[in-house]
Amino acid sequence: MNTLHIAGGQVLRPDMTVESADVLVDRDEGTILETGTLDADATETLDAEGCLVMPGLVNAHCHAAMTLLRGYADDKPLGAWLQEDIWPAEAALTPEDVRAGTELGILEMIKSGTTAFADMYFEVPEVAAAVEESGVRARIGHGVVTIGKDDEAAWADADESLDIAREFDGAADGRIRTAVMPHSLTTVGEEYLHELAAEAHDDGIPVHYHANETTDEVEPIVEERDERPLAYAKSVGMLTESDFVAHGVHTDGEEIELLAEAGTGVVHCPASNMKLASGMAPIQDMLDAGVTVGLGTDGAASNNDLDLFDEMRDAAMLGKLASDDASAVAAPDVVRMATAGSADAIGLPGGRLEAGAVADIAVVDLDAPHLTPANNLVSHLAYATRGSDVRHTVCDGQVLMRDREVLTLDEETVKARARTAAADLFERV
Ligand SMILES: CSC[C@H]1O[C@@H](n2cnc3c(O)ncnc32)[C@H](O)[C@@H]1O
Ligand SMILES: [Zn+2]
């Protein structure tokens, strides 16, 4: 059998306990065969002495190509940031730019232990190619915006989202799944939302969109329709078990109940919410109500990195402030959010390290001053670990990074291509 032996580490179990154990992976099937004390004669070995072996992190809401726009526009609220800076720059992006930015984003994610992500953008065939080449897992989709477009252009955009979702679902040996992705409840008209949700669900494809991110986005819906945004989302068919929303910052108690009843996932993006001053999501209330909550970075222009360890710390800190309670959004909650919660929210396998699960794994080196002493490793993951502490990354049974060297992408080439693409882009805009 073609196997990978991750040897000599401690393993993070799905119940958030930690114990010394090896991990044996079936490289052909891309699954975990067993964990325990193993004397394996494996095809390939990864040394995990002094390390914590954990499920690969899942970035449940991202725009990976926005790495090209990192630091391009800071210190503005969402509306002004999008309209004055981001959308004009994105209008000048070429397919090659999207490929370069997505590769850079994936490189950053692999180097910080992320093995899967959900991505909303355009030029999606380029996103798919980057996912295929790099070996990660992703749920990808074309983001639809219909406001400011005539009917023909709006339907063309909506159709592109459906066509792309149908074409790429199952690509890259099943590592790529898709979703139909209307940008938000205010940037896409009601008739398009209806049609997108109905057609997507007919084909078993989920719907992903930004919702309840800012008060500026909630108020017009309430004024115009006399209902909250997530009640509106439900009425157009976009609040089902397979669907997942990004943000959910300004979500009231009734909307939280709607999410819990429907089984719709929420992706919390605390760094983006703080940077754009969007607000504080009621995450502890959502967890208490049984909502599936995942964690996302959003794009690198509103974060400004794609490191989910940062995001876990931000989620814990902001969750306490939002609840005015230091016991809220505790360390095990955020580790669960960044692993199983995210995987469940976006409907990809992963997030759990156990026999039979997909072999999507991050190996964290504990030998750093900021992780010493190793009093509580779950606490360390939530509050002290940095993406740069990740030593090896494995996805679908394949080693993507060994001893901090990424094997599927050439780091220097990816960085150089992204630098050139960004410089050329800013010259054009
Ligand atoms: C149409 S593709 C996706 C679209 O979303 C934009 N975007 C990035 N971050 C956010 C955010 O926090 N809220 C809303 N929209 C966002 C991105 O720039 C693309 O245009
Ligand atoms: Zn977003």
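Is Cys 62 buried or exposed? In this predicted model, Cys 62 has a relative accessibility of 0% and counts as buried (buried: under 20% relative accessible area; exposed: over 50%; partly exposed in between; 1.4 Å probe, protein chains only).

Residues are numbered from 1 along each chain as its sequence is written, and chains are lettered from A and ligands numbered from 1 in the order in which they are written. Because the model is predicted, local features need pLDDT of at least 70, side-chain atom pairs count only at pLDDT 80 or more, and totals for chains, interfaces and linings use all residues, while side-chain values use heavy atoms, with hydrogens and water left out.

The structure holds 0 disulfides (a disulfide being a pair of cysteine sulfur atoms within 2.5 Å). Cys 62 is in no disulfide, the nearest cysteine sulfur, that of Cys 269, being 9.1 Å away. For Cys 51, the closest cysteine sulfur belongs to Cys 395 at 19 Å, too far for a bond; Cys 51 is buried, with a relative accessible area of 1%.

The zinc ion (ligand 2) is coordinated at 2.0 to 2.2 Å by His 61 (NE2), His 63 (NE2), His 210 (NE2) and Asp 298 (OD) (donors: N, O and S atoms within 2.8 Å of the metal, or 3.2 Å for Na, K and Ca; water is not among the atoms, so sites may look incomplete). The donor residues follow the spacing H-x1-H-x146-H-x87-D in sequence. Of these residues, His 63 and Asp 298 lie 235 residues apart and link distant parts of the chain. His 63 is buried at 8% relative accessibility, and Asp 298 is buried at 5%.

Terms used
Helix = DSSP H or I, 4+ residues; strand = E, 2+ residues; numbered from the N terminus.
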